[in-house]
Amino acid sequence: MSVIRLLDIRDTPLSVDEVFAAVGSHAAGGTALFVGTVREQDHGKAVTKLSYSAHPSAVDELRRVAEKVAADYPVTALAAVHRVGDLELGDIAVIVAVACPHRGEAFAASRRLIDDLKSEVPIWKHQVFADGSTEWVGACE
């Protein structure tokens, strides 16, 4: 069985319980879970809403990133899901989880997974601010 248990880009709400359950492993001594949510301000400006969109290759790129993390760390299980579409303040935008034999490895691998997801997977965020201005932020920075 592959250590990559769940990878997806979804237009429906994400579940921490689903992602955590996907990485359950008796071989793991540590599981690190990161949950990214829509915050109320960015760059000191109030955010009223945002929307994520993804390139059709996003799931393939997410798999490539996950495979690299799994190859570079002693991962026993890994999962990552990202939301697309319109999100409100407090909504979950992304969840990654990594299980490893030890906590330090789990922390390092999950940090790498979220950082590489943000920098390499073609997902874009369109923020709308309270002052009426907007901003596109590319995940592939």
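1. Start with Gln127. This residue is found in strand 8, which covers residues 123-129. The model is a predicted one. Gln127 is buried, because its relative accessible area is 2%, and the cut-off for buried is under 20%.

2. What does the side chain of Gln127 do there? It makes a polar contact with the side chain of Asp42, at 2.9 Å. A polar contact also joins the side chain of Gln127 to the side chain of Glu135, at 2.7 Å. Leaving aside neighbours within four places in sequence, the contacts of Gln127 include Val47, Lys49, Leu50 and Val137. Ser133 and Thr134 are also among them.

3. The largest nonpolar core has 30 residues. Val75, Leu78 and Leu113 have the most contacts inside this core. Two or more residues each come from strand 1 (4-10), strand 4 (45-54), helix 2 (58-72), strand 5 (77-83), strand 7 (92-100) and helix 3 (103-120). Helix 2 gives the largest share, 6 residues.

4. Not counting residues up to four places away in sequence, Val75 touches Val3, Val69, Ala70, Val98, Ala99, Cys100 and Ala109. Another core lies apart from the largest one. That other core has 11 residues, among them Leu14, Val19, Ala79 and Ile95.

5. Helix 2 passes a length check. Helix 2 has 15 residues, and at 1.5 Å a residue they should span 21 Å. The end C-alpha atoms are 21 Å apart, so the two values agree.

6. Which residues of helix 2 are buried? They are Ala58, Leu62, Val65, Ala66, Val69 and Ala70. These residues cover an arc of only 135° around the axis, so they sit on the same side of helix 2. Asp60 and Ala71 are exposed on the other side of helix 2. The cover over the buried residues of helix 2 includes strand 1, strand 4, strand 5, helix 3 and strand 8.

7. Glu67 also lies in helix 2. Glu67 counts as partly exposed, because its relative accessibility is 43%. The C-alpha atoms of Glu67 and Leu78 are separated by 9.4 Å. Along the chain, Glu67 and Leu78 are 11 residues apart.

8. Now the charged pairs. The structure holds 11 salt bridges. Arg10 takes part in two of the pairs listed here: the side chains of Asp8 and Arg10 meet at 2.8 Å, N to O, and those of Glu18 and Arg10 meet at 2.7 Å, N to O. Buried or exposed, how do these residues count? Arg10 counts as buried because its relative accessibility is 17%. Asp8 is partly exposed at 25% relative accessibility. Glu18 is partly exposed at 33% relative accessibility.

9. The side chains of Asp72 and Arg112 meet at 2.9 Å, N to O. Asp72 lies in helix 2 and Arg112 in helix 3, 40 residues apart. Asp72 is partly exposed, with a relative accessible area of 38%. Salt bridges with shared partners join Lys68, Asp72, Arg112 and Asp116 into one network.

Definitions and conventions:
Residues are numbered from 1 along each chain as its sequence is written. This is a predicted model: local features need pLDDT of at least 70, side-chain atom pairs count only at pLDDT 80 or more; totals for chains, interfaces and linings use all residues. Side-chain values use heavy atoms; hydrogens and water are left out. A nonpolar core is a set of buried Ala, Val, Leu, Ile, Met, Phe, Trp, Tyr and Cys residues joined through side-chain atoms within 4.5 Å. Buried means under 20% relative accessible area, exposed over 50%, partly exposed in between (1.4 Å probe, protein chains only). Helices (H or I, at least four residues) and strands (E, at least two) are DSSP runs, numbered from the N terminus. Contact means heavy atoms within 4.5 Å. A polar contact is a pair of N or O atoms within 3.5 Å; within protein, one must be able to donate a hydrogen and the other to accept it, and residues adjacent in sequence count only if both atoms are side-chain atoms. The expected span of a helix is 1.5 Å times one less than its number of residues. The arc is that of the directions from the helix axis to the C-beta atoms. A salt bridge is a side-chain nitrogen of Lys or Arg within 4 Å of a carboxyl oxygen of Asp or Glu.
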